[in-house]
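Me: Please take a close look at a single part of this model. I'd like the surroundings in one connected answer, with cut-offs spelled out.

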Amino acid sequence: MDRLHGFDSLAVHAGQDFDPTTGAVIPPVHFSSTYAQDGIGGLRGGYEYGRSGNPTRTALQEQLAAIEGGAHALSFASGLAAEDALLRAVLRPGDEVLLGNDVYGGTYRLIARVLGPWGVTVRVVDMTDTAAVAAALEERPARILWVETPSNPLLKVSDIAELARLGHAAGSLVVVDNTFASPALQQPIRHGADVVVHSVTKYLGGHSDVVGGALVFRDDTVFDETAFLQYAVGAVSGPLDAWLTTRGIKTLAVRMQRHSENALAVASFLAADDRVSAVHYPGLATHPQHELASRQMSSFGGIVSLELEDAATARRFVESTRLFQLAESLGGVESLVNYPDAMTHASVRGTELAVPETLVRLSVGIESADDLVTDLAAALDVL
Ligand SMILES: *Cc1c(COP(=O)(O)O)cnc(C)c1O
């Protein structure tokens, strides 16, 4: 794939060579858990056992590394399994993670409640405020600077290049959770990040039919240690999950374009309605980091959040839409609505990361924009 440089070409072709024995254009799914050896240690293509390696997973890992502009990628059974492998490969008792104050609830739960008892600490800062991040790092070094941008669920946008500069100056590993933007819209490694994290369950898979996670590494930094944990602990993606993710990635660029167009239509509609008290979408000129988002991202993605008058109204709204299905998760072709306080972010209730009770999060799908707006208008009418 050395000749290909365009994102869309890499998404379709990287790691996807046709099958040399049959000519099958789509590489087969390899379900085998083990591999025949030509005498002891005589491995064909390095494959020995399904936890240590699988050709379908290799194909996905090559595709992931190519589309994020990284040197290596590792594929896991979930986004949190990927995060866990990275965190445990890098952190030792006494180490600290500096985390944004608006992140996926499960990331905070993993660091605070799973790694906490092993001596890891977490400090929370507003990542959109680079002066506050600089001050926090000066006060005390952090082994990892963990950036999620745009953030879940408030769509805050952080300056990856500036945070990478600050983090590296303080000796931190700079990690970016790129789940919301996907590499079709934002490539953190090109802005200086060391490791990119994905819940491939969301846009990379893209069809709400697979749970998976990935890590992409800029260079060899912490790669061997993390690959060792992937092998030694074993939270790998299964062959069919890896294959479904690969198929999803091939259409990522066109999906993200439509997700972004539809989300802008939805956000603009909501912003003009006075029953809606706030709309959070980086594509709106009124978003506090709209200018930064315009520089850092090629488009603004498919997630929009909004605030209504009070918690009861927000709860009624999410139970009133018809096309927007009430469900956790995001990033599929179908539109979903979620009430973060009691659903995706219930685990951060009462912490520094708690989300407003008036908040509703929309994952805007690729349906007809008119139908999406009509559905939201009808739900507002019955409040
Ligand atoms: C969903 C999500 C995760 C966790 O991924 P899973 O695949 O559910 O384990 C991590 N980060 C973000 C931003 C997410 O939305």
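**A lysine and its surroundings**

Reply: Lys202 is buried, with a relative accessible area of 10% (buried means under 20%, exposed over 50%, partly exposed in between, using a 1.4 Å probe and protein chains only). Keep in mind that this is a predicted model, where local features need pLDDT of at least 70, side-chain atom pairs count only at pLDDT 80 or more, and totals for chains, interfaces and linings use all residues. Numbering runs from 1 along each chain as its sequence is written, and side-chain values use heavy atoms, leaving out hydrogens and water.

Who are the neighbours? Leaving aside residues up to four places away in sequence, Lys202 touches Thr179, Ser329, Leu330 and Gly331 (contact: heavy atoms within 4.5 Å). Lys202 also lies over the face of Tyr104, 5.2 Å from the ring centre; for a lysine, that takes NZ within 6 Å of the ring centre and within 35 degrees of the ring normal.

Now for some strands and a helix. Strand β2 (residues 96-100) pairs with β3 (residues 121-125) in the parallel sense, over five bridges, where pairing takes at least two DSSP bridges. Val124 of β3 is the bridge partner of Leu99. Between β2 and β3 the chain passes through helix α4 (residues 105-115), and this β-α-β crossover is right-handed: with the strands pointing away from the viewer, the path from first strand over helix to second runs clockwise.

Methods: Helix = DSSP H or I, 4+ residues; strand = E, 2+ residues; numbered from the N terminus.
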